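Dear colleague,

I am handing over the structure below for your use. My notes on what was found in it follow.

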Amino acid sequence: MAGTLILSVNAGSSSLKISVFQPTVSSDTNRVEEPVSLLLTASLSNLSSPPATFSSSANAQISRAKNVKHNEEADGVKDHESGFEYFLDHLQRETTLEKKDIVYVCHRVVHGGDYPGPVLISPESYHHIEGLSDLAPLHNGAALTVIKACMKILPGSHSIAYFDSSFHATIPPHISKYMIDTEIAEQKGLKKYGFHGSSYQFILRTVAQHLSKPISQTNLIVMHLGSGASICAIKDGKSLDTSMGLTPVDGLPGATRSGAIDPSLIFHYTSDAGKISHSATGNVHVTEAEDILNKRSGWKALTGTTDFGQIVQGTFNPSDPLYLKYKLAFDIFLDRILNFLGAYYLKLGGSGHLDAVVFSGGIGERSKELREAVIERCACLGFKLDKRKNTGVDEVDGSVVEIGEGDAAAKVMVCRTDEQLEMARQCALDKDPST
Ligand SMILES: Nc1ncnc2c1ncn2[C@@H]1O[C@H](COP(=O)(O)OP(=O)(O)O)[C@@H](O)[C@H]1O
Ligand SMILES: CC(=O)OP(=O)(O)O
Ligand SMILES: [Mg+2]
């Protein structure tokens, strides 16, 4: 695959992250180095609360100007599709890379139903993903707009979908099934799918390597905390349980998502719950209930902002006029995280059966305050934070930073997740990704 470029596109609920990689040359059998090397990485943030911002960082060899880093307001970007076009313009203007050299485009698609692994985009797989859009209303539709744009703007490339849900195919039936009518559940595919799978795959591989353990013997509790937040219990290198369910709205609250609620709450919230929502766009036909729980809830509904960084600042500043609201949002998020940490600690067998508790995602990687609050409450399980290490995470390079104290049985870590790299690695390792 030498001489070709791999583009990895991660359409998150609030962001679009895109990286360009070059496959490294190696005889497949004795590969020692990474299968891909990074040329450029870019991110469009705040897509759910414009103005969007664009940042990028490129290798000096491919930059046209001396300036390899960019950080700017992204004029005219209002959604994932326009964000993708903005990125391609940037690529053409600022780098020596050529669109015609992009051979593979890896797309993060959140809901893949029962697809156990990646699929090449074809009319059939495109329609399958489209059919699942209502089950991931903030994600699948957005990813499809980027896939469509790729087919138009990069007609010589192969688009491949990597599903968040695939990683969780190992969850056993007594955990993935709901206690509802079996026939209806089977017919409609009503079960726990789980998401953030490429992120968990990256973290599992990277942490196992850091611990010098085989993946198949690695046991972790991983928190992916971003605009969408979930937790995963990994036993012997496989997903055992995760907090998201049939859709990404279950489990922890998110920027605009309620997280788990009493299912009947929605019927008391609005009597129009079952009607098709007017705010749904494109091919996604969500009901008023789904719209409320996915787009009009979460910490935005409590505080007015989708930025958890702002909430953290306000929580520790009693003179902030919104102090009480920020603190409530912070405390609810902490409480729901503890619900899952406690449960997963038990499910994995407790002390001696767990290698590490890992923080990741935009919030988990950046908020020392949230990490401290979580680990403080886990003292009864033997976890202890090294406050100096926790505060200094940003100054340490690399994917994994240990922040625990002493020789507690399980380590505490931050892992800088990279869903784009995970997809590109798999693409480069695949003998023929175009089939
Ligand atoms: N310093 C910070 N402290 C706490 N949260 C932060 C900080 N910086 C960014 N965030 C949060 O991280 C979120 C983005 O996380 P990310 O995982 O990239 O999101 P996405 O779900 O779109 O993939 C932002 O919405 C913001 O709430
Ligand atoms: C599944 C999910 O919620 O993804 P994200 O956090 O990227 O929005
Ligand atoms: Mg994300």
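Two helices, α10 (308–315) and α12 (361–366), each supply at least two residues of the shell around ligand 1. Helices (H or I, at least four residues) and strands (E, at least two) are DSSP runs, numbered from the N terminus.

Please note that this is a predicted model, in which local features need pLDDT of at least 70 and side-chain atom pairs count only at pLDDT 80 or more, whereas totals for chains, interfaces and linings use all residues. Residues are numbered from 1 along each chain as its sequence is written, while chains are lettered from A and ligands numbered from 1 in the order in which they are written.

**Domains**

The domain assignment of the protein chain gives domain 1 (5–170) and domain 2 (212–259 + 297–415); such bounds come from an automatic or database domain assignment. Their centres, taken over C-alpha atoms, are separated by 26 Å. Domain 1 and domain 2 each bring 12 residues to the contact, where two residues are in contact if their C-beta atoms, placed from the backbone, lie within 7 Å. On the side of domain 1 that touches domain 2, four residues are nonpolar, eight are polar and none is charged. For these classes, Ala, Val, Leu, Ile, Met, Phe, Trp, Tyr, Cys and Pro count as nonpolar, Asp, Glu, Lys and Arg as charged, and the others, Gly among them, as polar.

**Ligands**

The shell around ligand 1 has 18 residues, of which G12, G226, F308, G309 and G362 come nearest. A residue is near a molecule if its C-beta atom, placed from the backbone, lies within 6 Å of it. Helix α12 gives the most to this shell, with four residues. By class, the shell around ligand 1 comprises four nonpolar, 12 polar and two charged residues, and at least three residues are drawn from each of domain 1 and domain 2.

Around ligand 2 are G12, S13, V110, D164, F195, H196, G226, S227, G228 and P248. Ligand 2 lies between domain 1 and domain 2, because both give residues to its shell.

**D164**

The unreviewed UniProt entry lists D164 under "active site"; UniProt positions are given in the numbering used here, feature names are shortened, and annotations may be inferred rather than shown by experiment. D164 lies in the loop between β8 (158–163) and α4 (173–176). Is D164 buried or exposed? D164 is buried, because 27 other C-beta atoms lie within 10 Å. The term buried requires 20 or more other C-beta atoms within 10 Å of a residue's own, with C-beta atoms placed from the backbone. Leaving out residues up to four places away in sequence, D164 touches R108, V110, F195, H196, G197 and S198.

**Core and buried segments**

The largest nonpolar core has 104 residues, among which I6, C106, I221, V222 and V358 touch the most other members. Such a core is a set of buried Ala, Val, Leu, Ile, Met, Phe, Trp, Tyr and Cys residues joined through C-beta atoms within 7 Å. Helix α11 (residues 323–347) gives the most to this core, with nine residues.

In helix α8 (residues 288–295), seven of the eight residues are buried, and these pack against α7 (265–269).

S8, in strand β1 (residues 5–11), counts as buried because it has 30 C-beta neighbours inside 10 Å. S8 and R425 are 417 residues apart in sequence and 10.0 Å apart in space, C-alpha to C-alpha.

Yours sincerely

Notes: A residue is buried if 20 or more other C-beta atoms lie within 10 Å of its own, exposed if 12 or fewer, and partly exposed in between; C-beta atoms are placed from the backbone.
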